[in-house]
Amino acid sequence: MNIVIAGAGDVGFHLAELLVTENQNIVLIDNDQDVLDYAGSHLDVLTVRGDATSLATLASARAGSADLVLAVTTSEQTNMMTAILAKKMGAGRVIARVDNEEYLESENQQTVCSLGIDQLISPRQLAALEIERLVKKCSFTDIYEFEDGKLSLVGITLDSNSPLVGAKLSEIEGLSERDQLQLIAILRGHQTLIPRGQTELKRNDHIYFITRPEHTSKVEKFVGKQPVKVTNAMIMGGTDLAIATARRLQKHYQVTIVENDKERCKLITEILDNVLVIKGDYTNFDLLEEEGLSRMDAFMALTENSETNIIACLTAHNHGVYKTIAQVENKEYVHISQNIGVDTLINKKLLAANDIFRYVRKGNVEAITSLQGVDAEVIEFVIRKSNQLTRKPLRDLHFPDTALIGGIIRGEETIIPNGSSQLQLDDRVIVFAKPQAIRRLEELFR
């Protein structure tokens with residue numbers, strides 16, 4: 001696939017880095033030669049220096065013959081114009097990064113997309129939505145919904161009090177189609193495991209289930225977690241992500257934002273109606289304690305500094321805060337922070353990549369998500385034609401050992417499958433897959 005990426009900043013570079021590992025042909029456009037030199041020396045990509053809204057620049061990058069054009073600069077005006085021009089030049093699919101919530105409202109997206117843009121994405125809004133889900137279901141480290149909530153993927157950590165610690169999966173009652181719980185993956189330190197009958201669960205394992213949304217409370221009970229209701233939430237930092245998150249949370253929770261810049265505090269109070277804004281040095285944990293840190297049920301560290309966010313969440317956890325969420329843009333910290341006690345990590349670049357990757361995968365892919373630190377993808381395939389997948393039960397399909405079907409959505413029906421289950425035309429199939437299984441899956445679902 002030929003892909004043009006306009007913008008070699010954080011999001012653009014991260015996407016290029018991921019797509020190169022998929023053996024895609026990448027052309028990177030940016031105005032900054034130093035940024036392009038860095039990308040060219042670290043990635044197997046072609047680079048074009050210039051304004052992405054210039055027809056000459058787009059022509060040099062061969063945007064007109066590209067299968068996919070991703071406009072992900074820091075300017076949404078540039079992104080929208082780049083996407084429109086690339087589409088008019090003949091690009092297959094164009095995607096523009098925006099942050100203006102007005103563009104993302106369902107009634108306005110149709111107007112914007114009528115200009116020729118196939119999809120709008122907002123890493124900030126994707127992250128705010130993810131945080132909102134995680135606060136609502138605060139026992140979980142990860143939550144992802146398929147088909148507007150018909151099936152949910154949830155992650156949870158086993159602590160020393162869990163009755164599952166030390167048990168083999170074959171010995172555990174409650175893991176069956178009848179119980180509507182499908183264990184699809186285990187993250188143990190840096191190792192990603194496909195669960196099998198003889199797999200023994202250990203303390204601090206991150207385990208991932210697919211289930212129906214109404215059964216997520218069953219997951220909590222199953223692993224020995226007591227559900228906690230969030231009332232008070234504190235956000236550290238007054239970033240754009242913090243504002244977008246607070247806007248969603250203020251309807252249901254008592255939200256406090258701590259920000260050290262006076263002008264930023266004024267801006268937040270003008271934008272948000274039902275949020276307490278405190279001006280102060282958020283790296284001063286005595287100040288956070290004075291402002292009620294130990295009374296909080298949830299704490300979100302959303303500054304631009306990953307290290308500050310991780311340390312703040314660990315401090316909040318030590319003060320008795322039940323749910324901690326850290327924005328971590330440096331992927332090198334993902335495993336470290338999970339293993340030392342940060343509940344959940346938010347990475348805007350990874351969320352944006354998930355949203356885009358379904359257009360890169362072969363086969364009929366509807367959605368893709370990656371789990372923090374997990375060396376695998378969760379892919380929603382759609383069966384568009386009758387083939388071997390619809391003619392045999394799952395046990396006879398010679399499915400890759402490094403992949404697992406976690407759930408099936410059939411119209412309004414949701415199915416937690418077993419070996420005798422058989423797929424049908426138009427089924428939406430949720431598959432957990434390690435990298436070595438991807439090519440075979442693309443062939444099966446093509």
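Helix 7 (residues 123–136) and helix 14 pack with their axes 8 Å apart and at an angle of about 100°; here axes are lines fitted to C-alpha atoms, for helices over the stretch in contact, and angles run from 0 to 180 degrees between N-to-C directions. Helix 7 and helix 14 are therefore roughly perpendicular to each other (65 to 115 degrees; angles under 35 count as roughly parallel, over 145 as roughly antiparallel, and the rest as oblique). P123, R124, L126, A127 and E130 of helix 7 make the contact with K348, L351, A352 and D355 of helix 14, contact meaning heavy atoms within 4.5 Å. The residues of this contact divide into 5 nonpolar, no polar and 4 charged (Ala, Val, Leu, Ile, Met, Phe, Trp, Tyr, Cys and Pro count as nonpolar, Asp, Glu, Lys and Arg as charged, and the others, Gly among them, as polar). Helices (H or I, at least four residues) and strands (E, at least two) are DSSP runs, numbered from the N terminus.

The model is predicted, and local features need pLDDT of at least 70, side-chain atom pairs count only at pLDDT 80 or more, and totals for chains, interfaces and linings use all residues. Residues are numbered from 1 along each chain as its sequence is written, while side-chain values use heavy atoms, with hydrogens and water left out.

Helix 14 (residues 348–357) also meets helix 1 (residues 10–20): their axes come within 10 Å and cross at roughly 55°. Helix 1 and helix 14 are therefore oblique to each other. On the helix 1 side, D10, V11, H14, L15, L18 and L19 take part, and on the helix 14 side K349, L350, A353, I356 and F357. This set divides into 8 nonpolar, 1 polar and 2 charged residues.

Turning to helix 8 (residues 216–223), its buried residues are T216, V219, E220, F222 and V223, where buried means under 20% relative accessible area, exposed over 50% and partly exposed in between (1.4 Å probe, protein chains only). Seen down the axis of helix 8, these residues fall within an arc of 165°, so they line one face of the helix; the arc is that of the directions from the helix axis to the C-beta atoms. Their cover includes strand 8 (151–157), strand 9 (181–188) and strand 11 (206–211). Helix 8 is followed by G224, which has a positive phi near 90°.

Finally, T324 lies in strand 16 (residues 323–327). At 0% relative accessibility, T324 counts as buried. Apart from neighbours within four places in sequence, T324 is in contact with F299, C313, A316, H317, V342, D343 and T344.
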